[in-house]
Amino acid sequence: MDLKIKHFVIFITIGLTFSCKQQIQNVASMEGNEIRLDTSIPQKDSINAYIKPYRDRVNHILDSTLAYAPKKITKVDGPYNTTAGNLLADIVFSEGAPIFKSRTGKNLDFVFLNHGGIRSIISQGKISARTAFEVMPFENTIVVVELSGKSVKKLLAYLLESGMAHPISGMQIVLNTDNTLASVKIQDKPFDENRHYFVATSDYLAAGGDSMIFFKEALSVTTIDYLIRNAMIDYFKRVDTVAPKVDYRFYKLTP
Amino acid sequence: MNRRKFISSTSASSVFVGLGGLSLGSCASKSAKKITILHTNDMHSHIDPFSADHSEYANLGGMARRASLIENIRKENNNSLLFDAGDIFQGTPYFNFYGGELEFKLMSMLKYDAATIGNHDFDNGIDGLFAQLPHAEFELLSANYDFSNTIMAGHVKPYQIFMVDGIKIGVYGLGIKLSGLVGKNLYKETEYLDPYEIAQDTERLLKEEEKCNLVICLSHIGYDYPSKERPNDLILAAKTQYTDLIIGGHTHTFLDKPTLVENSKGREIIVNQVGCFGLYLGRIDFYLDSIQHIAATGVSIKV
């Protein structure tokens, strides 16, 4: 208490001596607002002019036609495999395998991705780089995971359990009418539980994303520093027509 | 322009200010000062306004628009500071194409004074963030990320003191826990320290040693979470004693008005966040005078 009074006295003294020129330092009041940036606020021309070359280049690259889709490509046009899923998995295989081979001398066996990772349809018509940004907005890269046969069995169990058309490439899975496995082929050879397989997926899934815990059992992980989106763009540049089909890579036998 | 303003100053505080004014006569009010704090958060590379056909944010935002708004506010009160609370990067192809260069260049042109670092600012790795530093003419502040063993060492300060019209303003930054949110390959050896403890240490330093008149926190830890175990701005405010304003981010929280939270000494302070994508600009005006206002009741707050 004594201390406080002392301070007050000193304060008053200074105040009198320097007649109001000192001590403008205490918050008397505060006022908070938020201002919505709507069309009533003009855009500053010089800033827009500065942005323009960047914007033009982004739009030019994103909207340049790279390929053509004769039909709509979606992830909901088949129960076990879909046009969008097959396209994406096949792209990861075709664009990823040569890089993996050149880095390690080894062959990629198959691709396994997640259905939820496909974020957009591809509309019928022109395909541009913007299409790839819509389908795959994430900065996910391709990684190759070495799995034991046992872990691949868990992968298959995960796939069957999920009931989802998770994108696959390089393997064929046939189900009996009661949803048990009829056959599994990898690179056209029957699945061998006693060997290791090299599986390409996204870095997100390889880290156990989407509860794909079998990827955490990896015997080795090779990062190939290649964005899935860039693999798509490179593929679109290489081909004229993009027309994936629902096929027999994963299907159920009819009774 | 749609200004949202709410008045809720208590009668007790009005009375006190009234008495204070009487006791020192008219000279105090004559020499009162006004400091304007402007802020954004989570702009996520939204450099252009949203397109006219956007279903939620049609024609809103954009940095050219923000530039003219800020310019007008500075004309009205040159004693202004402009801050960002992180997640500047990631969200539009501008980031994918230019890695954040344009975001930093434009923030420099808009004369941002400081920003803190959000989790998405690590999206091109700590090297990607480092590569954009030459384009940032503003301070990057983080008191609870220890960058000592990274390429960012020496490029991020825990706090910065700004002198504005003779008023000493201490500003410190806080970042969110990175593990589980950002790949370790991206943030590398960046060490996350407890934001509450660091905030208390930093505000004490700014107030007791540096004698700052105002203490401001730029936080990317998030406004609030269902789990109270996760550090957040509301609990941070309650645990501090010298911080006057917490400018938040991360949770993309749109508030109808800035939140008032009682701090550890029973004084009300402001916690604010303006959603995301540059749709809003936050504005907090501080009025300072020579009167020794007593914490809990002496300061009127209009939000």
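These exercises, with worked solutions, concern a predicted model with chains A and B.

Local features need pLDDT of at least 70 and side-chain atom pairs count only at pLDDT 80 or more, while totals for chains, interfaces and linings use all residues. Residues are numbered from 1 along each chain as its sequence is written, chains are lettered from A in the order in which they are written, and side-chain values use heavy atoms, without hydrogens and water.

**Exercise 1. Describe chain B.**

Step 1. Count the elements: chain B has 10 helices and 15 strands. Both are DSSP runs, numbered from the N terminus: helices are H or I with at least four residues, strands E with at least two.

Step 2. Take burial. Of the 303 residues in chain B, 57% are buried. Buried means under 20% relative accessible area, exposed over 50%, partly exposed in between (1.4 Å probe, protein chains only).

Step 3. Take contacts, meaning heavy atoms within 4.5 Å. Among contacts in chain B with a separation of 6 or more, 76% join residues 24 or more positions apart.

**Exercise 2. Find the extent of the contact between chains A and B.**

Step 1. Count residues: 39 come from chain A and 73 from chain B.

Step 2. The accessible area lost when the parts come together is often used for an interface. Here the buried area (1.4 Å probe, summed over both parts) is about 5,400 Å². Carbon and sulfur atoms give 61% of it.

Step 3. Met30(A), Glu34(A) and Leu37(A) supply 18% of the area that chain A buries against chain B, more than any other three residues.

**Exercise 3. Work out how α2(A) packs against α5(B).**

Step 1. Get the geometry. The axes of α2 (residues 45-63) of chain A and α5 (residues 101-109) of chain B come within 11 Å and cross at roughly 170°. Axes are lines fitted to C-alpha atoms over the stretch in contact, and angles run from 0 to 180 degrees between N-to-C directions.

Step 2. Classify. The helices are therefore roughly antiparallel, a term for angles over 145 degrees.

Step 3. List the residues. α2(A) brings Ile47(A), Tyr50(A), Ile51(A) and Tyr54(A). α5(B) brings Glu101(B), Leu102(B), Lys105(B), Leu106(B) and Met109(B). By class, seven are nonpolar, none polar and two charged.

Notes. Parallel < 35°, antiparallel > 145°, perpendicular 65-115°, else oblique. Nonpolar A, V, L, I, M, F, W, Y, C, P; charged D, E, K, R; others polar. Buried area = accessible area lost by both parts, 1.4 Å probe.
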